[in-house]
Amino acid sequence: MNKNYIWLFLAFFGMIACESDDDGTDTIMEEPITAGTADFSNFIAIGNSLTAGYTDGALFIAGQQNSMPSIMAAQFALAGGGSFIQPLMADNTGGVLINGTQILENRLFFNGAGPQRLPGSPSTDVFNVLTGPFNNMGVPGSKSYHLGAPGYGNVSGVLANTANPYFVRFASTPDATIIADALAQNPSFFSLWTGNNDVLGYATAGGTGVDRTGDINVAAYGSNDITDPGVFGQIYAGYITALTANGAGGVVANVPDVSTIPYFTTVPFNPVPVDAATAGQLNAQLLGPVMGILTQLGEGDRLMLLSSSEPNPLLITDKTLFDYGQQISGALQQNGVPQEQAELMGALYGRARHATATDLITLPTSSIIGGTQPGIPAPFNTIGVTYPLEDQNVLLLSEQIAVTTAIDAYNVIIKSQADAAGLAFVDANALLKAIGTTGITFDEFNLNGSLVFGNAFSLDGVHPTARGYAFIANQFMDAINTTYGSNLPAVKAGDYNTVYPVTLQ
């Protein structure tokens, strides 16, 4: 029996010895970080502003250092990743010069009440061309077809809007393409996130561009046009084929729906307070008479009388409506309104209506609501109240549908190409939609769609904060881990800020 106790004692002592180190503390064996079947030694990131690190309405050094691929590259380095070189801006001011003349605005900062442009002159000049190559090939403003467009980095085309000032700074030659410069580096792993700007310009311009669905002549496209899904599909498939030709692995993301970002959700459709005296005057002298005429035409529901007890909807121009300008003008003149005033009212209210919850008001519109329109006499000159907001200020439901239809088509293409090539895939559309609606937890923080204080979106209402980019980087790495068997660790939310200070070193 004693002999058995001795063996039990020795076994128990051995267990303690295995669990303890010399100072009596527990030793935790950490799992080594591995790349799995991926090769991160030469990582190249390709895309637009979301890849470049654009934030707060500009590109600047601190934003680039906190860009999504830069965050990923730091984690890749733990699993055999190499250096990650970016075409850094010259300062943290964010503006861009061409021969000393500023062509792009400085970054935004929070002044305690709202976003404001940083004062001062930037030092980043388009003509100061950098020497590459660069791992971050994200070019703000680029659409899908721009990645393969020769001359997109030719400085002579900047003022003619045929070239991109950001790519001019780091293109290998004036006729180089973004995709060719990326391929020339023979990437072992890549990220590709493009397609956002193929609809974003149309949306942020209030649908003033053209939906080019069915038009394959890219040369005729304007900066605010929607790219034909067929064109997008052909181009995107070519990029994937070229990037994977040498056996490189990669991760791709789809296109987020823009309707849930703060650029379109911050300004309500009904922010107009009116006192009783003003409401009574405008209802009697302006809205009432015009509503009466429209009612006789069967369109009386376009307008509503103003209320002094609750906020009123904005008055907007709806280009999809029939223009009753001549009818309004003629009827007013018959009722004794002077010709000049009647013609002005016909021109203003022929396609006017009050906004509804389905209309999305653009973020910059907040600065003009309630202001006065130059050249228009009172009381017809109060913007959003008696002077209708113009087309570029509102994304109508029909325009939202055009955007969503294109995004859905692009995303089917992106997912099918990713699956066919065995690439990691990130459903950025679902992620950003969740952030913009219900919010998402990131460590101890909540990311939501509120401007400034929602943690996710920067002051421009479109691009992520540094913390938002960190969250996206984690989603990319999760997808990579799943596809390639790697175990890249996530970054922490608290290590990334949401608002940059006025002064940055």
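**Exercises: a cavity, a helix pair and a glycine**

In this predicted model, α2 (49-52) and α7 each supply at least two residues of the lining of the largest cavity. Helices here are DSSP runs (H or I, at least four residues), numbered from the N terminus. Residues are numbered from 1 along each chain as its sequence is written. Local features need pLDDT of at least 70, side-chain atom pairs count only at pLDDT 80 or more, totals for chains, interfaces and linings use all residues, and side-chain values use heavy atoms, leaving out hydrogens and water.

**Exercise 1.** Find which residues lie nearest the centre of the largest cavity.

*Solution.* Start with the term: on a 1 Å grid over the protein atoms alone, a cavity is a set of points where a 1.4 Å probe fits but cannot get out, and lining residues have an atom within 4 Å of a point. Next, count the lining: 17 residues, with Leu50, Asn196, Leu200, Pro256 and Val462 nearest the centre.

**Exercise 2.** Work out how helices α7 and α13 are oriented to each other.

*Solution.* First take the axes, which are lines fitted to C-alpha atoms over the stretch in contact, with angles from 0 to 180 degrees between N-to-C directions. Those of α7 (residues 197-204) and α13 (residues 397-421) come within 10 Å and cross at roughly 175°. The two helices are therefore roughly antiparallel (over 145 degrees).

**Exercise 3.** Decide whether Gly82 is buried, partly exposed or exposed.

*Solution.* Buried means under 20% relative accessible area, exposed over 50%, and partly exposed in between (1.4 Å probe, protein chains only). Gly82 has 32%, so Gly82 is partly exposed.

Key:
Parallel < 35°, antiparallel > 145°, perpendicular 65-115°, else oblique. 1 Å grid on protein atoms, 1.4 Å probe; cavity = no way out; pocket = protein on both sides within 12 Å on 5 of 7 lines; lining within 4 Å.
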